[in-house]
Amino acid sequence: MKFDLSFTNKEITPWGGMVFLKQMLDKIGFREQIEKCESLPVSLSNNSYKKEVLLESFITSIWCGANRFLHTEITRADKALGEIFGWRKTPAQDAYKRYFGKFTQHINQQVGHHFFSWFFQNLNLNYFTLDIDSSVITRYGEQEGAKKGYNPKKKGRNSHHPIIAFVNDVKMVANFWLRSGDTSSANNFVGFLEETLLNFGDKKVGLVRLDSGFFQKDIMDYLELKTLQYIIAAKFTHPIQHLIDQQDFWIKVDEGIEICDKYYQAKNWEKPRRIVIVRQKTAQRPNAAGRILSLFPEDEIHRNYRYSAYITNQEQSATDVWRTYRNRGDAENRIKELKADFGAESFNLKGFFPTEAALIFSMIAYNLMSIFRLFVLQEKTQKTLSTLRYRTFAIGAYFEKVGGTLKLKIALTKKRRKWFVGIWDYPIDLSQKISTA
């Protein structure tokens, strides 16, 4: 079939579905929160962008698929998208770089506290399960703080080593610190946790779950001092391996899974602590998580099992402790999504704290998307942003004046229009979930 090319001056956007997110931001008062955050840098130049436009457009660019500053140019060229959000002019990538370049460590702490507090102190949830994890972000340039350290996938490469706090109950980020690549997982954990707890205000943390990178005496002492319940994956030190080797009574939990619990006291501990030990038979569960006992490679029994162990101050059954900890694996999924869909691995600047500032707003973009998934879509399973992007947001649209009224014309088949109107007409009253105050 032959056809001719022709052109139109209509401002058409491929992101018509972004009206849902604009509606949500208005409803929860996000722009008002930006205005209230006095720590945010403000430019006095008449030609500069307002901070509300800079931050809204940066977050929207992430939602549209930008995972580095160069990609924000696509959003800048989309005038109809700017019309949806009410931006007179959309910033270019250099405007974001200049703006984040004004951030310092103190500003990052104040801004992070402002927005994370707003999220969590207004959620209609009084007890949180807190998962804290560290990650590795490989760097290829000469960014400040990018150093050689633990990097299992790119050994010898410079990296950053951020620490992130997640609230599993609502799939949201509670705090974020960027750290240099040569820091350990547990570096400055106490300071990070104290700041995270401040973000919750009067809300309570019912449980803290940590992987073996945080298996340290000072961390357990601190959690107990704060009367926080915890489950921490144990490192397979020689004493713990000997403890497992001496265990001769196991309770069957499921086919190929056995469990026990006892008390263990390391040499530098002032008291014994409860340890829950799980072993899974590899013949029946070839994909079982856990570790082999390296001290007993030839042992007939041990070589048939993979083991895991958890230190806890909880009083529930050993099986419940193990199952509760297993849910912590969702934190790994959150980190993968942050890297893949929200640019957590690729938004970076030469300065350390400007990079941290950009990543804090990447976390804020993630939390806002979590609110959308939880309170607007209300689906049984939470779709990733990459799925939502092409199922919900990537809808062609353009503006047209009809009788003096500006209307957004949405390009949808009749079958999908009912779905669209259903979400558009949904009474996004989040006053019981997240306050606009």
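A salt bridge here is a side-chain nitrogen of Lys or Arg within 4 Å of a carboxyl oxygen of Asp or Glu. The model is predicted: local features need pLDDT of at least 70, side-chain atom pairs count only at pLDDT 80 or more, and totals for chains, interfaces and linings use all residues. Residues are numbered from 1 along each chain as its sequence is written, and side-chain values use heavy atoms, with hydrogens and water left out.

**View 1. The salt bridge between E300 and R303.** The closest N and O atoms of E300 and R303 are 3.0 Å apart. E300 is exposed, with a relative accessible area of 52%. R303 is partly exposed, at 45%. Buried means under 20% relative accessible area, exposed means over 50%, and partly exposed lies in between (1.4 Å probe, protein chains only). The structure holds 22 salt bridges.

**View 2. R328 and D133 meet in a salt bridge.** The N to O distance is 3.1 Å. R328 lies in the loop between α11 (318-326) and α12 (330-341), and D133 lies in strand β2 (residues 127-134), so the pair ties together parts that are 195 residues apart in sequence. Both residues, R328 and D133, are buried. Helices (H or I, at least four residues) and strands (E, at least two) are DSSP runs, numbered from the N terminus.

**View 3. A network of salt bridges around E224 and K271.** K217, D221, E224, E270, K271 and R273 are linked in this network. Within it, E224 bridges to K271, with the closest N and O atoms 3.1 Å apart. This pair links distant parts of the chain: E224 sits in helix α9 (residues 217-225) and K271 in the loop between β11 (257-264) and β12 (273-281), 47 residues apart. K271 is partly exposed, with a relative accessible area of 40%.

**View 4. Arginines over aromatic rings.** R273, a member of the salt-bridge network, lies over the face of W269, at 4.9 Å from the ring centre. R279 lies over the face of Y305, at 4.2 Å from the ring centre. A charge sits over a ring if NZ of Lys or CZ of Arg is within 6 Å of the ring centre and within 35 degrees of the ring normal.

**View 5. The aromatic pair F20 and W419.** The structure holds 32 aromatic pairs. The ring centres of F20 and W419 are 6.2 Å apart and the planes stand at 80 degrees, so the pair is edge-to-face. F20 belongs to helix α1 (residues 18-28) and W419 to helix α15 (residues 414-424), 399 residues apart. F20 is buried, at 1% relative accessible area. W419 is partly exposed, at 27%. Rings of Phe, Tyr and Trp (its six-membered ring) pair if their centres lie within 6.5 Å; planes under 30 degrees apart count as stacked, over 60 as edge-to-face and the rest as tilted.

**View 6. The tilted pair F100 and F361.** The distance is 6.1 Å centre to centre, with 40 degrees between the planes. F100 lies in helix α6 (residues 93-100) and F361 in helix α13 (residues 352-377), so the pair ties together parts that are 261 residues apart in sequence. Both F100 and F361 are buried. They belong to one aromatic cluster, whose members include F30, Y96, W118 and F347.

**View 7. An open sheet of three strands.** The order is β1-β14-β15, with antiparallel pairing. β1 (12-13) and β15 (405-410) stand at the edges, each with a single partner strand, so one side of each is left without a neighbour in the sheet. Six bridges join β14 (residues 397-402) to β15. F399 has L408 in β15 as its bridge partner. Two strands pair if DSSP finds at least two bridges between them.
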